Amino acid sequence: MTAATSGIVLGAGTEGEAILRQLRERIVRFAASRLSRDVAEDLAQDTLVLLTTKYATVTSIEDLVPLALRIVRFKIIEFRRKAGRRGELARPPAEGEDPIAQLADDKSWGPEIQMQRRELADRLAEALRQLTGRCRTLFRLKLEGHKFADIQRLLGARTINTVYTWDLRCRERLLALMGGSWQR
Amino acid sequence: MTIDPRSLAGGHATGTLAPEEKRELYRGALRDQELFDALMDEEPLRELLEDSVARQRLLAIVAEEEPQRGMLAWLASGWATAAAALLFAVALIPLAMTVLDRQRPADDSGFGVTRPTGSLTVVAPAQWAAALEGVNTDPARLSVRTTAPKDLEPLGSDRPLTLRVVPDRSGRAMVIGIGQGGEPERLYPGDGEWADVEADVPIDVRVVAAGRFAEYRLIVVEAGADVRDLPARVAEGRALVLRVRPD
């Protein structure tokens with residue numbers, strides 16, 4: 001493991017090791033709830049191998065966790081493709097190909113994943129049309145790229161915690177408009 | 001400042017988080033399986049919003065003017081006040097009339113004060129809007145004091161108008177302007193939702209081109225109120241509607 005660039009070192013006995021240990025536990029539990037325990041263990045192991053080899057330079061928690069989320073998502077898609085449960089989902093990564101770069105490449109998505117993505121876009125669009133008032137404004141500001149601190153200023157909220165609370169409620173409202181989950 | 005990491009989850013997919021907020025969220029996700037699962041379940045959404053074309057399409061939707069909500073239309077319709085009047089006229093008229101009598105200006109400028117038709121109806125020109133100061137509008141739990149600078153331009157002009165509202169206790173408030181044709185427009189808070197207001201903390205409602213509006217309505221409900229049942233709230237006296245308009 002290499003030294004970190006932002007205070008976290010991925011190595012034995014370090015904070016980085018603790019992060020990876022927690023990450024592994026979270027991934028296993030998540031994947032076990034969606035797939036199976038055996039698959040979950042393998043998936044977590046594969047993810048951690050990628051994190052500590054191909055992405056060894058990614059060490060800060062604010063980069064490491066979202067990267068792990070992406071890898072897990074990719075691994076689950078890959079697993080389902082291999083299992084043939086949903087037919088062709090996505091093209092498997094070529095030898096040495098960066099799976100994250102592949103995920104970002106639309107062409108690599110199988111037709112079913114592309115269809116799911118279109119469906120999500122349509123459902124989200126419909127939910128947003130029904131969103132009103134502060135929630136609509138908040139989502140617009142977020143899509144425009146504003147950070148929460150900007151949003152606090154733009155909406156005249158007294159504290160940033162107020163904005164967090166608004167956003168939490170609005171996220172719940174949006175999720176409810178989408179039937180309780182982002183994906184069917 | 002303590003941040004509940006769960007309250008940051010909505011900023012993950014949209015890329016709204018500052019670095020320190022990301023650290024709080026992701027540290028929280030490592031401790032909390034439910035939060036981790038929520039972020040995992042949001043991955044398709046995050047991927048979608050990373051696509052600039054998809055993002056622009058969604059942005060165009062939320063940038064559109066939203067359809068008028070039933071509640072707002074209802075507030076504008078006058079039924080809110082009428083409903084309140086049915087239940088409160090008898091109880092409130094003595095108080096309201098006392099208040100209004102005290103406010104009646106010695107020199108009648110052509111504007112007047114009409115009988116209350118709701119929890120309180122004040123019909124006043126902006127020139128003496130300051131006279132609203134100290135009005136205690138509702139004996140039933142909710143009350144506000146409204147003040148305004150003495151140099152207000154008359155309603156009907158295109159000059160700006162500022163109304164200062166000082167809630168007597170914490171609650172939720174909204175101010176809407178009713179256009180000449182009866183159409184409502186949210187004036188406060190700026191995003192059109194309900195504002196959490198605190199006791200004795202003034203809120204200033206600034207209206208650009210006040211002449212657009214025939215009337216202003218301040219609606220106040222208690223803190224934490226579910227405002228989806230506002231018509232029932234007004235009817236049951238659990239909401240206050242204050243009207244200010246030129247004669």
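How many of the 11 residues of helix 6 of chain A are buried? The legends below begin with this helix.

This is a predicted model, in which local features need pLDDT of at least 70, side-chain atom pairs count only at pLDDT 80 or more, and totals for chains, interfaces and linings use all residues. Residues are numbered from 1 along each chain as its sequence is written, chains are lettered from A and ligands numbered from 1 in the order in which they are written, and side-chain values use heavy atoms, with hydrogens and water left out.

**View 1. Helix 6 of chain A and its buried residues.** In helix 6 of chain A, 10 of the 11 residues are buried, so this helix is largely enclosed by the rest of the structure. Buried means under 20% relative accessible area, exposed means over 50%, and partly exposed lies in between (1.4 Å probe, protein chains only). Helices are DSSP runs of H or I with at least four residues, strands are runs of E with at least two, and both are numbered from the N terminus. Among the buried residues are A:Arg134, A:Phe139 and A:Lys142. Just after the helix, A:Gly145 takes a positive phi of about 100°.

**View 2. The salt bridge between A:Asp167 and A:Lys142.** A salt bridge is a side-chain nitrogen of Lys or Arg within 4 Å of a carboxyl oxygen of Asp or Glu. In this pair the closest N and O atoms are 2.7 Å apart. It links distant parts of the chain, with A:Asp167 in helix 8 and A:Lys142 in helix 6, 25 residues apart. A:Asp167 is buried at a relative accessible area of 2%, and A:Lys142 is buried at 3%.

**View 3. The interface of chain A and chain B.** The two chains bury about 5500 Å² between them, 59% of it on carbon and sulfur atoms. Buried area is the accessible area (1.4 Å probe) that two parts lose on being put together, summed over both. Chain A brings 57 residues to the contact and chain B brings 63 residues, where contact means heavy atoms within 4.5 Å. The rule finds 7 salt bridges across this interface. Helix 1 of chain A gives the most to the side of chain A that touches chain B, with 10 residues.

View 4. B:Arg23 is partly exposed, with a relative accessible area of 28%, whereas A:Glu62 is buried at 14%. The other pair joins B:Arg57 to A:Asp122, at 3.2 Å from N to O. Here B:Arg57 is partly exposed at 39% relative accessibility, and A:Asp122 is partly exposed at 44%.

**View 5. The largest nonpolar core.** A nonpolar core is a set of buried Ala, Val, Leu, Ile, Met, Phe, Trp, Tyr and Cys residues joined through side-chain atoms within 4.5 Å. The largest one has 72 residues, and those with the most contacts inside it are A:Leu51, A:Leu124 and A:Leu128. Helix 3 of chain A (residues 61-83) supplies the largest share, 9 residues. Leaving aside its neighbours within four places in sequence, A:Leu124 is in contact with residues including A:Leu174, A:Met178, B:Leu45 and B:Leu58. A second, separate core of 8 residues includes B:Ala173 and B:Val220.
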